[in-house]
Amino acid sequence: MSDQVPTVSVSDVPADAPLLDVRELDEWTAGHAPAARHLPMSELAGRMGEVPTDDPLFVVCHSGGRSGRVVAYLAQQGFPAVNVAGGMQDWAASGRDVITDDGSAPRIA
């Protein structure tokens, strides 16, 4: 059995792709992708009804580790999820938009 999960680089994520950010609240608050939906990994099991059903669903975290575990879990539940390698670190480094909800300067925490 393989432990590999479907993974793409930030450059392969379409601009209008459905994005699920699984970082914790403090990380999300510091800066996130404009169209991302927030659902922390620590709350996922209890909030499965809130997981978007987009096909594919791109999942992102800080660097790709947590999102990889979430993608593996979602795949077991029948969701067509894809891990974003490098996470929000690579997202920001590649020049993709990062925003905050309060208008402060975004950063990847």
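Predicted model: local features only at pLDDT ≥ 70, side-chain atom pairs only at ≥ 80, totals over all residues.

Colleague: With which side chain does R47 meet in a salt bridge at 2.4 Å, N to O?

Modeller: The general idea comes first: side chains of opposite charge can pair when their charged atoms come close. In the present case, the partner of R47 at that N to O distance is E43. E43 is partly exposed as well, with a relative accessible area of 36%.

Colleague: Which residue has its closest N and O atoms 2.6 Å apart in a salt bridge with R47?

Modeller: That residue is E50. Its relative accessible area is 38%, which places E50 in the partly exposed class. Through shared partners, the salt bridges join E43, R47 and E50 into one network.

Colleague: How many salt bridges does a search of the whole structure find?

Modeller: The search finds four. One of them links E27 and R66, with 2.8 Å between the closest N and O atoms. E27 belongs to helix α1 (residues 25-30) and R66 to helix α2 (residues 65-76), so this pair ties together parts that lie 39 residues apart in sequence.

Colleague: Is E27 buried or exposed?

Modeller: E27 counts as buried, at 10% relative accessibility.

Colleague: In what order do the elements of the chain run?

Modeller: Starting at the N terminus, the order is β-β-α-β-β-α-β-α, which comprises three helices and five strands. The radius of gyration is 13 Å, close to the 13 Å given by the globule rule for 109 residues, so the chain is as compact as a globular protein of that length.

Colleague: What remains to be said of burial and contacts in the chain?

Modeller: Of its 109 residues, 40% count as buried. Among contacts between residues at least 6 apart in sequence, 64% join residues at least 24 apart. As for the surface, the chain exposes about 5,800 Å², and carbon and sulfur atoms supply 50% of that area.

Terms used: Residues numbered from 1 in each chain as written. Heavy atoms only, no water. Helix = DSSP H or I, 4+ residues; strand = E, 2+ residues; numbered from the N terminus. Rg over C-alpha atoms; globule rule 2.2 N^0.38 Å. Buried < 20%, exposed > 50% of the residue type's maximum accessible area, 1.4 Å probe, protein only. Contact = heavy atoms within 4.5 Å. Areas by Shrake-Rupley, 256 points an atom, 1.4 Å probe, with all protein chains shown as cover.
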